Amino acid sequence: MTRIVVLSGAGLSAESGLGTFRDVGGIWSQYDLEDVATPQGFARDPALVHGFYNARRANCIAARPNAAHLALARLQARLGPQVMLVTQNIDDLLTRAGARDVVHMHGNLMRAVCAACGHRWDAPPEMDPAMPCPACARPATRPDVVWFGEIPNHMDDIAKALQGCKTFVSIGTSGSVYPAAGFVAEAAAHGARTLELNLDPADNSGLFDEARHGPASKTVPHWVDEVLTDL
Ligand code: OAD
C-alpha cells in the first residue's frame, strides 16, 4: 500500500542543469509550446519537434542526478513500495539516482514510440522523421512523451495511490499544469497531509498544509531525513 506519494516537476532537475519551463528564461520563453509539445505541432513540422527533443535528450545525457534525486532514491530504498515516485519530468535522473519504478506521467525522453503501431523501444540519442519503427517499419517514430492535448500515463495507478496515501509531497513544480496540479486536492480530500517543497510558492501553494521554500537539493534531503528518523 502506498503511504507517501511524491510528485516532482522541472525544479527537481534544475540543479542538475536541466531548464525549467516557466521560470524567467525557461524553455517556454525560448520555444512556442504549440510548435514543439502538441500533436498538431508534430504533424506540421516533425523535424522541428525531433530537433527540440534531441537537444533535450543531449542535455539529459550530459546531466547528473543531484542531491534531491539521490535523497528520493534513498527514501524509496528504505520504504520500498510504500513510496510512489510520480514525475512530470521526462528525464531519467531519478532512475539514474537509483530509484525504481518511477511513474513517468508525461512520458520518457529516453524511449521512442511508434505512432502507427504503438511499439516502444529505447530512443537513440538522435531521432528524425524518416526513422522506421523496428516492429512495423513505418516512419512514424516519435519521442515517448505526452504532449498537451494527450492523456497523461498511469492515471489510474496515481489516482488509487492519492486516495490511499498518508502524505503527499510536491517538489519543484509550478502547480499550473493539470491533471498534476490537482493531485494535492485529491490527496487532501482523502485525508493525506500535504507538503510543498519548491523554490517559490507554486500557483496552487495555498492548497498545501505546509510549504517549505528553497532549492530542492536542500529541502528534499532534509525532508527525507525527517521521514526516516520518524520511522
Ligand atoms: P515549471 O517550469 O512550470 O515549474 C518549475 C517550478 O520549479 C517553479 O515553481 C520553480 O519555482 C521551481 N524551481 C526552480 N528551481 C528549483 C529548485 N532548484 N528547487 C526547487 N524548485 C525549483 O515546471 P513543471 O511544473 O514541471 O509538460 O511543468 C509542468 C509541465 O509543464 C511539464 O511537465 C511540461 C510543461 O509544459 C509537458 O511538456 C506536457
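A backbone N or O atom of Q88 sits 3.3 Å from an oxygen atom of the ligand, which counts as a polar contact (a pair of N or O atoms within 3.5 Å). This is a predicted model, where local features need pLDDT of at least 70, side-chain atom pairs count only at pLDDT 80 or more, and totals for chains, interfaces and linings use all residues. Residues are numbered from 1 along each chain as its sequence is written, and side-chain values use heavy atoms, with hydrogens and water left out.

- The shell holds 24 residues (a heavy atom within 4 Å of the ligand), and the closest are F21, R22, H106, T173 and S174.
- Ten of the shell residues are nonpolar, ten polar and four charged, with Gly counted as polar.
- Helix α1, residues 10–14, gives the most to the shell, with three residues (helices are DSSP runs of H or I, at least four residues).

**Two domains**
- The domain assignment (automatic or from a database) gives domain 1 (1–16 + 65–106 + 152–231) and domain 2 (19–62 + 109–145).
- Their contact takes eleven residues from domain 1 and eleven from domain 2 (heavy atoms within 4.5 Å).
- The ligand lies between domain 1 and domain 2, because both give residues to its shell.

How values were computed: Polar contact = N/O pair within 3.5 Å; in protein donor to acceptor, adjacent residues only side chain to side chain. Helix = DSSP H or I, 4+ residues; strand = E, 2+ residues; numbered from the N terminus.
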